[in-house]
Amino acid sequence: MPVRRALRLVRRYWRVLIRYATRYTAPVRRAWRRSLQLRVVTITLLASSLLVGTFGWFIADRSAEILLSRAEDEARSALTTKVEFARKQLTFYPQARDPELQTGLEELVNALVDGDPADPSSAVISIRAEGWPNLRAVVLRTMDTRDLITPEMIRAVSGEGGGISKQIRTAEIEGEPIKYLVYGAPVTTRFGQVELYYAVPLTSEDQDANLMRTTVLATGLALVILLGVVAALVTRLVVTPVRVAARTAQRLSAGLLDQRMKVDGEDDLALLAAAFNQMAANLQRQIVRLEEMSRLQRRFTSDVSHELRTPLTTVRMAADLIFSERDEFDPAVARSAELLQAELDRFEELLTDLLEISRFDAGFAALDAEHTDLVPIVERVTERLTGLAERAGVEIQLNLPDTPVIAEVDPRRVERVLRNLVGNAVEHAEAKPVQVTLSTDDAAVAITVRDHGIGLKPGEERLVFNRFWRADPSRARQTGGTGLGLSISVEDARLHGGWLEAWGSPGEGAQFRLTLPVRAGDRLVAAPLPLIPRDRNVEVS
């Protein structure tokens, strides 16, 4: 249990750490995602730092090795000379018990010294005779050589078959640590063997190596900074025109079609700016031409719709007269009068829809919003379509709240939208029930119309609102629609600041959802009813 509790505590603190790290690094991550120049400069600095650091370490390491190798060669050469000199000097002493030998060793050390013996940074020379206890070790100056001449080195030099030994040691001389290169070599004499130790200070080599490292570090740092500055300047030369192009493109997309880039020089960036300006000019011409064509088309539709009103009124008067007297005509003529009346009704409805579409296109459609109870509107629409539903063998089921649903809407437009939705649902229900559901919350009101007919194929839920679009062109209409009903309905929904959405699946039917704000002008965030039917979710699960 304590282990489990500790693991939970660790996970908890880990989540807190991740949360704080995510929060405080958000500006850096945002700048990294948005700035190409920052990414290029950062990557350049990291790559150059790694490269220069590796190269500088290699140079400094090789320089230190060369300095040490040179010092070793010099020390070994001096050691060879000193060993030969000592061997010659000690030939005058035939035995180790010679009372003059100790004094001779001291004089020999003084003779082997290099430079000023009083200088603490000068070489240290020592002669030891491990095989002769009566002879004490001799050192150039009074100092403790235990840090320089280790027992391991003494055994390596004085032991049987001993030879030249080398090591690097640090000794404290007059309170200052000094690194020494220590060599030891046996010296053969007439009475036996003594050992000569030669310790050369590496102070100058260390200073040269440190100077080399400092120089390489400073040079590398300057080179990295220079590369960063160069990368920033080069990236700025490339990024600045791209940023200008992005801002110009944003202004073009906002409708400022006269925006152009400045062309400087004849390089690739200038070619890009010239090509961009040419593209913008072509787009401007095309957009202006399309806007003019659209304006002419809207004006033509509006003018034709208005001009057709007068002959339609005359034809309507004659058709009404013929239709009222159809009982006195031959059956074939009477049937023709009925067909004429029906087609005139459909033509008049189409003309009305075209006028409404032209008002939407021209931006002249106005919302006459008032506080309205939507329950009676839904009931009135379904009541008017009851006859159509009975002829199609479709039952319209209402799911309405018991209390009034008040919203600030244009009742005429809402009723027209519902009439189109319910009429289409009845037409495509294939003798299956159609459910109309109304729901509301504090911010929005939603009405869904659900049928269980042929449904919609993937992608058709967006095409269904196009003008004159039909899922199956060969399918005969039962309601005599104009093909503009859903197009007008979606414009009515947008005029309210609402949504008109569709969902459908082949063989599972379709559902349309109208969502309107409770208060005119409010912004919709969510709908009280789902777009995908709940019964469909249950079946899938």
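Visitor: Is L237 buried or exposed?

Guide: Buried means under 20% relative accessible area, exposed over 50%, and partly exposed in between, with a 1.4 Å probe and protein chains only. L237 has 60% relative accessibility and therefore counts as exposed. L237 is found in helix 6; helices (H or I, at least four residues) and strands (E, at least two) are DSSP runs, numbered from the N terminus. The model is predicted: local features need pLDDT of at least 70, side-chain atom pairs count only at pLDDT 80 or more, and totals for chains, interfaces and linings use all residues. Residues are numbered from 1 along each chain as its sequence is written, and side-chain values use heavy atoms, with hydrogens and water left out.

Visitor: Which residues form a nonpolar patch on the surface?

Guide: Patches are made of residues with over 30% relative accessible area and no salt bridge; nonpolar side chains (Val, Leu, Ile, Met, Phe, Trp, Tyr) are joined within 5 Å, and like charges within 9 Å. Here the nonpolar patch consists of L223, L226, L227, V230, V234, L237, V238 and V242, and together they have about 660 Å² of accessible area. Accessible areas come from the Shrake-Rupley method with a 1.4 Å probe, and for residues only the protein chains shown count as cover.

Visitor: Which residues gather in a patch of negative charge?

Guide: Asp and Glu count as negative and Lys and Arg as positive, while His and the chain ends are not counted. The place of a charge is taken as CG of Asp, CD of Glu, NZ of Lys or CZ of Arg. The negative patch on the surface brings together D264, E266, D267 and D268. E266 sits in the loop between helix 6 (203–253) and helix 7 (268–324), and its relative accessibility of 84% makes it exposed.

Visitor: How many salt bridges does a search of the whole structure find?

Guide: Side chains of opposite charge can pair when their charged atoms come close. A salt bridge is a side-chain nitrogen of Lys or Arg within 4 Å of a carboxyl oxygen of Asp or Glu. The search finds 13 salt bridges. One of them joins D206 and K179 (3.8 Å, N to O). Because D206 lies in helix 6 and K179 in strand 4 (residues 176–188), this pair ties together parts that are 27 residues apart in sequence. D206 is partly exposed at 26% relative accessible area, and K179 is partly exposed at 33%.

Visitor: Where do R413 and D492 lie in the chain?

Guide: The side chains of R413 and D492 meet in a salt bridge (2.9 Å, N to O). R413 is in helix 11 (residues 411–428) and D492 in helix 13 (residues 485–495), so that the pair links distant parts of the chain, 79 residues apart. R413 and D492 are both buried.

Visitor: What separates R494 and E491 in helix 13?

Guide: They are 3 residues apart, which means a separation of about one helical turn. Their side chains form a salt bridge (3.4 Å, N to O). R494 counts as exposed at 55% relative accessibility, whereas E491 is partly exposed, with a relative accessible area of 22%. Elsewhere, salt bridges that share partners join D410, R413, R416 and D492 into one network.

Visitor: Which residues does S165 touch?

Guide: Contact means heavy atoms within 4.5 Å. Not counting residues up to four places away in sequence, S165 touches M153, A156, V157, V182, Y183 and G184. S165 lies in strand 3 (residues 165–173) and counts as buried at 16% relative accessibility.
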